Amino acid sequence: MTESTNKLYFGDNLNILRENVADESVDLIYLDPPFNSNATYNVLFRERSGEDSAAQITAFEDTWKWSMESEYAYQDVITDGPEKLGDLLQSMRGFLGQNDMMAYLTMMAQRMAELHRVLKPTGSVYLHCDSTASHYLKLMLDAVFDQRNFRNEIIWRRTTSHSDAKGLGRVHDTILLYNKSAEFTWNEIFHELDPDYVKNYYRYTDPDGRIFMSGDLSGAGPGPVRNFGDRGLIPPPDGRHWMYGDDGILKLLQEDRIYWTRNGVPRLKVYLDENQGYPAQDVWTDVQPLRSWHEERLGYDTQKPEALLERIIAASSNEGDLVLDPFCGCGTAIAVAERLKRRWIGIDITHLAISLMKSRLRDTFNSNLSDYDVVGVPQDVESARALAVESEHDGRYQFEYWALGLVEARPANRGRRGADSGIDGYINFFDDNSGKAKRIIVQVKSGQVRRDMIATLKGDMARENAEIGLFITLNAPTRPMIQEATSAGIYTPEHYPDHRYPRVQILTIEDLLSGTQAEYPRFAPDATFARAPRRRQSSSSQRLMD
């Protein structure tokens with residue numbers, strides 16, 4: 001079996017970058033690193049002891065904590081990282097102290113050094129952040145990528161106006177663009193002309209119907225008279241010069257590209273059908289944020305609109321180039337890279353994100369999806385057992401998210417810790433034309449299992465009015481458990497009486513890894529995850545519509 005270039009990695013992106021991504025192999029990097037920007041500043045900058053638990057990075061919880069892990073990371077950068085980056089990090093620690101902000105910057109410093117290593121000399125990196133840490137991150141990018149390779153500080157209006165009781169409303173994100181060298185890939189992006197601008201300036205029409213505006217033929221600085229054919233020698237306006245020599249003006253006359261005003265002043269015909277639009281600037285107000293009703297919305301808190309990533313990927317890469325997103329979340333960057341015929345690598349540290357990305361790619365591209373490999377997820381029972389007992393990065397929850405992903409179930413708590421309600425996830429499905437989804441509730445267990453757990457699941461089904469209950473277990477079920485499940489009876493869809501499904505089903509991890517799936521009506525697409533809109537692969541567009 002041939003290994004695919006496209007990769008979806010589960011795990012810590014630092015280790016994955018170091019172990020799996022080759023030097024100077026990536027054409028474009030986009031990263032939107034998580035950070036708890038909603039925390040108050042007095043918490044972010046409060047001194048922390050080194051005894052706190054290591055930073056936990058889970059879906060929707062992006063807080064970093066100063067810990068012994070942070071201390072080791074700091075020493076790693078100082079001793080083995082780029083010299084300028086180490087000097088900067090020491091200065092930052094002297095200024096900030098040991099707090100959450102410093103922990104975040106230390107972890108980011110390690111990753112920036114690796115991103116510089118894997119980026120091609122012609123490559124670009126876009127770092128997406130907000131005002132909480134953008135000024136510190138820019139200094140770090142200067143140290144790693146060289147301040148001379150800074151290109152733009154892009155301002156994206158990410159939300160509409162809103163009030164802030166203690167200041168101005170914060171409505172924008174910052175995207176820092178750096179290149180690795182002075183020679184880099186760049187495809188200029190154009191906006192469509194504003195309709196009012198076209199109406200006001202493109203007021204003239206040739207006999208053949210082509211619409212044009214009159215443009216200036218002169219430039220700043222004095223110059224000589226030029227020969228305008230039958231009109232003779234004409235001097236330029238005072239203090240200016242004609243932008244074309246005699247030969248150039250003759251060619252314009254032959255092509256009927258000169259418009260004469262009533263006063264006999266020559267002007268250049270600028271045709272509307274030749275105008276690509278106006279070049280994109282560094283303030284982006286035309287890329288709309290995702291609303292709750294938008295078809296792209298997948299329910300992932302930090303999801304970015306595809307139009308934003310399309311602009312970035314189209315500008316700084318070409319078809320066949322390799323795009324890397326080391327914090328890929330719900331996978332907007334990789335979905336757009338796939339659509340624009342780029343190769344891609346996505347990395348995330350939560351199984352919830354990996355499951356969401358797989359569903360998004362499948363829903364979006366269907367049979368047109370390019371081959372890709374999922375790396376780092378358990379492939380057998382022993383590796384599943386290791387995930388279940390892993391303490392680092394919240395192992396118990398990660399096992400739960402991974403197991404739910406095997407049956408394409410949505411986590412009941414959306415990745416947030418809390419009291420166990422007895423329900424870990426759910427699957428929605430349709431088996432009639434009412435438009436109302438039916439529900440399967442899912443319980444995941446990685447430890448010892450007993451009969452009373454099935455009885456509890458049956459009670460939860462009654463409380464939640466669920467048609468089917470699914471019990472996923474790492475260990476083999478006992479005979480009393482199987483008997484308890486059998487006693488729940490059969491679910492028969494009203495409109496499909498020939499189809500029968502056990503109301504309570506027990507599946508082991510071994511069953512799922514061998515291909516066994518839950519039994520439930522699949523007459524219509526399930527509604528568990530918000531479905532990504534169908535897309536076709538397309539060439540890069542150098543003009544993005546407003």
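The model is predicted: local features need pLDDT of at least 70, side-chain atom pairs count only at pLDDT 80 or more, and totals for chains, interfaces and linings use all residues. Residues are numbered from 1 along each chain as its sequence is written, and side-chain values use heavy atoms, with hydrogens and water left out.

The protein has 16 helices and 27 strands (DSSP runs, H or I of at least four residues and E of at least two, numbered from the N terminus). Of its 546 residues, 49% are buried (under 20% relative accessible area, 1.4 Å probe, protein chains only).

Start with helices H4 (residues 83–96) and H5 (residues 100–118). Their axes come within 10 Å and cross at roughly 175° (lines fitted to C-alpha atoms over the stretch in contact, angles running from 0 to 180 degrees between N-to-C directions). The pair is therefore roughly antiparallel (over 145 degrees). H4 brings Leu 85, Leu 89, Met 92, Arg 93 and Leu 96 to the contact (heavy atoms within 4.5 Å). H5 answers with residues including Met 101, Leu 105 and Ala 109.

Now the sheet. Nine strands form an open, mixed sheet in the order S16-S4-S5-S3-S2-S17-S18-S1-S19. S16 (283–284) and S19 (373–375) are the edge strands, each pairing on one side only (pairing takes at least two DSSP bridges). S16 runs parallel to S4 (residues 150–157) over two bridges. There, Ile 155 stands opposite Val 283.

Helices cover this sheet. H5 lies across S2, S3 and S17, at about 150° to S3. H6 (residues 134–145) touches S3, S4 and S5, and its direction makes about 5° with that of S5.

Note on methods:
Buried means under 20% relative accessible area, exposed over 50%, partly exposed in between (1.4 Å probe, protein chains only). Angles under 35 degrees count as roughly parallel, over 145 as roughly antiparallel, 65 to 115 as roughly perpendicular and the rest as oblique.
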